[in-house]
Amino acid sequence: AAAFGAPLGGVLFAMEEGSSFWSPRTMLRSFLCAACAAFTVSWLLVGIEDDTHWGWLGAAAPLSFGHFGRATYRLWEMAIFASMGILGGLGGALFNAVNTRLTRWRMRHIGSTGRARFLEVLSVTAVVASISFALPVVFQGESVPTESLSVEALLFRSPGTESIKTLFHKEHPFDRTQLLLFGCVYYTLACWTYGLGVPSGLFVPSLLSGAAFGRLLGHHLHRLPEVVAHGSSPGVYALIGAVAALSGMARITISLAVILIEATGDTTWSLPIFLTVFMAKFTGDLFNQGLYDIHIGLRHIPVLHPFAERQMLRKCAEDVMTEPVAVLEPIMTVRQLMRVLESNNHQGYPVVSGDKHFGGLVKRSTVHHVLLCGRDSGVYVHQNELWSGHVGPFVPYKEILRRRAPFPSLQEIRACLRWEDYDKLIDLRPYMSTGSFTVPENAALTRVYMLFRTMGLRHLPVVSRGGRLAGIITRKDLILSEDYDAREVVSDLERLTALELGMSAATEALESEFYSPPHLA
């Protein structure tokens, strides 16, 4: 929204690529933030870059691509635009395949931090800077001042947005060989730099390389008399080429179309943009996923895709559920509750009775709030103060809402607890959700997947026919069942599990120190 002056496109991009569950409240908040960002940027840039004075609002944006003069195109050009979308999908599939191999190599040999990561950034920066300065000299045949460079050479020296505007709107017969070289170089550099230890984005490099190839195609088509007389300008083909390249790499559709329409301020080319985006995504999806989805999978981020993978058709809930499960009891001592919270970082816990009968779910944040406010609210009680069948004292809901975000840490909770509180009881029944979603052990995994997607679930208990808790499914369990290099993830989890088992003995030896009064510890 701030970069392109496109609040609608920004909201759609977040919906399309950045979320696996989208509620009306989230959409409203996202649009409000996007509108505020676009307003702020427009207000500031008008007084800095435009000829107007402060207080006048316009279409100024950091990455505005300008308006196209010609407002019509021929029906037969739609076939050309569709072909450009297919080529963009093929080029995007190749880009993603090469970048995936490069990213895997980086993860194995360079890592995410450290000296090697820093040296790689310096090396790539030096190569990119050298190319940007050396190739214009090769084009000119000698070293000349920047203002004396040719239009083709200036593409390397100018910022990416300025180069895109040049390819979109410059009425200049570009040298085809130099334009082809520029597109190939930027395509290669974009593939090399994406995934570095710096915020090197995908939008501008892909738009720029696609615009170069599109402009090249436009110049070739303008050799035909029919195209010269009635066809669109080469700049329009540069726009379609940019759309095809970015959609072929990222596989974004609606948001990309809206962003470019808002960035150009022209709805005339909406149909060619829609057609190109669809063809590029359809072609690219035949070979691999979008670059954003690939990197989400490589980093094991628990973001669910719109549809379940094919291998889930043969699985059921018990095939992916986690067992044994860290559980809480309806009534337990503060010492026991703290011990469970310290043993893991789960964000939700099933509440079960003595025979493992499932009673409901309680969130970790709620338990933290109850422990922090328990002394003031009289929640901590002795055994003789709890009557059978009656709910014990509880923290008022308003008090929990008042301290909702961020929820207190365990260190804060320990600081407010006294030594006599650890042996008192706490009743968790008022805080657990008894109507939470559950599935049987033989439930189809595709059904489980759609529950997570449509209801925005974080935890899904698996319950047997007798109502006993059999396991629990989280988003991470669903990610492990997909094709995203699952074997590597499982091996990592096995190593972590072995490490945790090795540390368990030491943890048990120190438990008395953690949960005893400070003066005794």
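I took helices (H or I, at least four residues) and strands (E, at least two) as DSSP runs, numbered from the N terminus. This is a predicted model, in which I used local features only at pLDDT of at least 70 and side-chain atom pairs only at pLDDT 80 or more, while totals for chains, interfaces and linings use all residues. Residues are numbered from 1 along each chain as its sequence is written, and side-chain values use heavy atoms, with hydrogens and water left out.

Entry on the annotated spans. I looked up residues 185-214 and found that the chain there is 70% helix and 0% strand, with the end C-alpha atoms 15 Å apart. For residues 78-98 I noted 100% helix and 0% strand, and here the end C-alpha atoms lie 30 Å apart. Both stretches are among those that the unreviewed UniProt entry annotates as "transmembrane region"; such annotations may be inferred rather than shown by experiment.

Entry on the whole chain.

Entry on the cores. I searched for nonpolar cores, meaning sets of buried Ala, Val, Leu, Ile, Met, Phe, Trp, Tyr and Cys residues joined through side-chain atoms within 4.5 Å. The largest has 60 residues, and F4, L167, F168, L202 and I273 have the most contacts inside it. Helix α10 (residues 234-250) gives the largest share of this core, 10 residues. A second, separate core of 25 residues includes L328, Y349, I426 and Y431. Returning to L202, I listed its contacts (heavy atoms within 4.5 Å) and, leaving aside neighbours within four places in sequence, found F95, Y194, L246, M249, A250, L291 and Y292.

Entry on R475. A polar atom of the R475 side chain lies 3.1 Å from the backbone oxygen of L457. Beyond neighbours within four places in sequence, R475 is in contact with S20, F21, P302, L304, F452, G456, L457 and R458.

Entry on confidence. I read a mean pLDDT (the predictor's confidence in each residue, from 0 to 100) of 83 for the protein chain, with 85% of its residues at 70 or more. Over residues 483-521 the pLDDT is below 50, although this stretch has 26 contacts in the model beyond near neighbours in sequence. Where pLDDT is low, the predicted coordinates should not be read in detail.

How values were computed
Buried means under 20% relative accessible area, exposed over 50%, partly exposed in between (1.4 Å probe, protein chains only). A polar contact is a pair of N or O atoms within 3.5 Å; within protein, one must be able to donate a hydrogen and the other to accept it, and residues adjacent in sequence count only if both atoms are side-chain atoms.
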